[in-house]
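Me: I would like a close look at the aromatic residues of this protein and their surroundings. Please take the model below as the starting point.

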Amino acid sequence: MNYLVSVIVPNFNGEKFIRQTLDSVIAQVGVEFEVIVVDDGSKDSSVSIVEEYVRRDKRITLLRSEGNQGAARSRNLAIERSKGRFLAFVDSDDLWGPQKLQVQIDAMAKAAAALSCTAVHVIDASGVRVGERRVPAAIDYGTLLRRTPIVTSSVVLDTSKVGRLSMPEIRRRQDLAMWLKVIRQSGPAVGIDQILGSYRVHENSLSRNKRVSALYTWKVIRDVERLPLHKALYYFSFYAIGGVMGRLRGLN
């Protein structure tokens, strides 16, 4: 099976890590791909870095949004411009292993699944491994409401099954909202419990602000998914307890 994969990379002031990210993407084997980087009003040298890659590799495209509109808008711009049957997402500070896309697309074909994700290493700003995020073999709607095992930089989505969906343009947790919609419409995601990438946690990571993340998780559950209050409180309690346990383990 040889389908085009559109790799979507939102960037905001990513000069410190984006070379490593792009190098890990273009090292993919066994698949055809395009890379769409969307800059969200960066003030550092990251745009110049991406422009170097664009000049060297015709598979890479740079788009620029007006001002700083957030990752959701950047990803949606890239989705609108994408040509691939498959969409893959990677943040500008995360890394992929070279067989990531090939393994996922093969697994999705076998399971006839619209969405897949993988296990990842958790690394710090220096690239040192500080933990890992594992995934169950299947992630259904209820599972994803109770906990968030899906790391965005590990996701591959098959547009032939769900179309070119857009993320709700909220500042955070828009990715969770999109995965919930896909799973609700098309069935469980395939979880590949094989470490095929690295998720970086550092002082500038959006995910470091747990209070704000919790607020937006509640917003997704209550306002986007429109769950009744009692169900929203039930599912949010799992998220809150999981966040505390994660901090105790040092993984959040």
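Me: Which ring does the charged end of Arg56 sit over, and how many Å from its centre? Please go on from there to the aromatic pairs and the core around them.

Reply: The model is a predicted one, in which local features need pLDDT of at least 70 and side-chain atom pairs count only at pLDDT 80 or more, while totals for chains, interfaces and linings use all residues. Residues are numbered from 1 along each chain as its sequence is written, and side-chain values use heavy atoms, with hydrogens and water left out.

The charged end of Arg56 sits over the ring of Tyr53, 4.5 Å from the ring centre; the criterion is that NZ of Lys or CZ of Arg is within 6 Å of the ring centre and within 35 degrees of the ring normal. Arg85 lies over the face of Tyr3, 4.4 Å from the centre of that ring.

Turning to ring pairs, rings of Phe, Tyr and Trp (its six-membered ring) pair if their centres lie within 6.5 Å, and planes under 30 degrees apart count as stacked, over 60 as edge-to-face and the rest as tilted. The count by this rule is six aromatic pairs. In one of them, the centres of Phe89 and Trp179 are 5.5 Å apart and the planes stand at 65°, so the pair is edge-to-face. Because Phe89 belongs to strand β4 (residues 86–89) and Trp179 to helix α7 (residues 174–186), this pair ties together parts that are 90 residues apart in sequence; helices (H or I, at least four residues) and strands (E, at least two) are DSSP runs, numbered from the N terminus. Both Phe89 and Trp179 are buried, where buried means under 20% relative accessible area, exposed over 50% and partly exposed in between (1.4 Å probe, protein chains only).

Elsewhere, ring pairs link Trp218, Phe236 and Tyr239 into a cluster. Trp218 is placed in helix α8 and counts as partly exposed, at 24% relative accessibility. Leaving out residues up to four places away in sequence, Trp218 touches Asp223, Leu229, Ala232, Leu233 and Phe236, contact meaning heavy atoms within 4.5 Å.
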